[in-house]
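Please keep the model open while you read this note. The points below go from pockets to sheet to domains.

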Amino acid sequence: MPARKKIAIIGGDGIGPSVTEEAKKLLEIYRDKAGLPLDLWELDLGADRYLRDGTTFPKEIQIAIQRECSAVLLGALGDPRVPNLEHARDILFGMRFGYDLYANVRPVRALADRLVPLKGRTAKDVDFVVFRENTEGIYVGMGGQFKRGTPDEVAINEDLNTRKGVERIIRAAFEYARSHGKTKVTMADKSNAMRHAHELWLRVFHEVGAQYQGIEARHLYVDALCLLLVQDPSQFEVIVTNNLFGDIVTDLGAAFQGGLGMAASANVHASSPEKVTLFEPVHGSAPPLAGKDIANPFAALLTAGMLLAHLGWPEEERRIERRVTEAIEEMACTVDVGGKLGTRAAAAWVRERVASEL
Ligand code: NAD
Ligand code: IPM
Ligand code: MN
């Protein structure tokens, strides 16, 4: 009997709970029909809970997940009723930083030609992976405000970059390239303007890159990267960059995939993948779409596919991706990707196709 894998499920806010519910049902099919040894553990965390009793991300939950779970499946966090997003940061960064999940791995693949909005480009031109640094940079919350609300006020957010942090994400990108038969790694920074922090990135990139024979190590400033991505995304295979730039570049990448409703991601401790890993769609809580059964559930389903691959069933990720691709081709999808179905019906269409093969 294979060891059971416990998966914590946090729907979160806005459209998060509804798309995560669809992904959970897909995992239930794998558990009940295919016999995968999955234990699903739903957690009531997010804005509703915070507004009810002030709970954000209790220490005992953080520890229990770390001790007991192989993975976390998260929907999205962010709710207009919590303007300072305190709960969202506690939960999301509580996992990304708390579990030291330093690689935010965001594949940018278009599943059908009609989803690609770039003139003259087709799905085959959109196939790269972004390795976003996930534990440092401007996200660490170091800084402060001084003389707030006065004409002299000052606001500072520090951009933290450590040798260890920069080296390990760059190495993760090269290791991924090597193990996936890729020959091009591009690092994007702003070392022309940020001459302290990003000189470190540039130097480490050249040092680490020199250790990977046969892999081209290309450096671009991030502004130029954005230009070239739009002009010809097919020239990129693996992109590595810092936390903030990675956030921005992957929303741009999501546009090439047909929108945020199609973009999946994993947050991994790349050198110890047996540690708990966090899976989430790239999109946020999209408050205007919440509760209307119109959000695209495919990013969440593809994210569940990444989760299954990580736990040792890579063929199931491919199966889910094939079935989502068919749904797109047959217009069995939500309005954002040209279909007429609601969230639940689009997800059910994919699940039925998957289930029929198990
Ligand atoms: P968003 O990703 O929620 O929405 C951006 C755009 O994409 C909107 O037009 C939205 O309608 C569309 N969109 C997103 N997901 C979609 C889906 N599944 N189907 C169809 N359309 C979809 O980003 P935002 O509006 O900038 O942020 C809303 C809230 O979400 C904020 O509180 C933000 O901080 C939070 N957020 C959370 C995460 C996360 O939890 N990982 C990620 C991004 C944003
Ligand atoms: C993402 C989101 C988060 C980020 C927000 C909600 C803090 O945009 O996961 O892409 O910037 O990392
Ligand atoms: Mn983002």
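How much space lies in the largest pocket?

1. The largest pocket. About 1,000 Å³ of space lies in it. A pocket here is an open set of points on a 1 Å grid over the protein atoms alone, where a 1.4 Å probe fits, with protein on both sides within 12 Å along at least five of seven lines. Grid points are joined across faces, edges and corners, and the volume is the space filled by probe spheres set on the points. The pocket has 36 lining residues, meaning residues with an atom within 4 Å of a point. V105, Y176, H180, M306 and E317 are the closest to the centre of the largest pocket.

2. Ground rules. This is a predicted model, in which local features need pLDDT of at least 70, side-chain atom pairs count only at pLDDT 80 or more, and totals for chains, interfaces and linings use all residues. Residues are numbered from 1 along each chain as its sequence is written, chains are lettered from A and ligands numbered from 1 in the order in which they are written, and side-chain values use heavy atoms, with hydrogens and water left out.

3. What lines the largest pocket. Helix 5 gives the largest share of the lining, six residues. Among the other elements that give two or more residues are strand 4 (103–109), strand 5 (127–133) and helix 9 (298–310). Helices (H or I, at least four residues) and strands (E, at least two) are DSSP runs, numbered from the N terminus. By class, the lining has 21 nonpolar, six polar and nine charged residues. Ala, Val, Leu, Ile, Met, Phe, Trp, Tyr, Cys and Pro count as nonpolar; Asp, Glu, Lys and Arg as charged; the others, Gly among them, as polar.

4. The second largest pocket. Its space is about 590 Å³. It has 27 lining residues, and L92, F93, R96, Y139 and D247 lie nearest its centre. Helix 4 supplies the largest share, five residues. The lining divides into 15 nonpolar, five polar and seven charged residues. Where does this pocket lie? Domain 1 and domain 2 both give residues to its lining, so it lies between them.

5. Ten strands form an open sheet with mixed pairing, in the order 2-1-3-12-11-4-5-10-8-9. Two strands pair if DSSP finds at least two bridges between them. Strand 2 (38–42) and strand 9 (216–221) stand at the edges; each has a single partner strand, so one side of each lacks a neighbour in the sheet. Strand 8 and strand 10 run parallel, joined by four bridges. M187 has V240 of strand 10 as its bridge partner.

6. Helices on the strands. Helix 5 lies across strands 4, 5, 8, 9 and 10, at about 160 degrees to strand 5. Axes are lines fitted to C-alpha atoms, for helices over the stretch in contact, and angles run from 0 to 180 degrees between N-to-C directions. Helix 8 packs on the sheet and makes about 155 degrees with strand 5.

7. The domains. The assignment, automatic or from a database, gives domain 1 (1–104 + 265–358) and domain 2 (127–256). Their centres, taken over C-alpha atoms, are 25 Å apart. Twelve residues of domain 1 are in contact with 14 residues of domain 2, where contact means heavy atoms within 4.5 Å.
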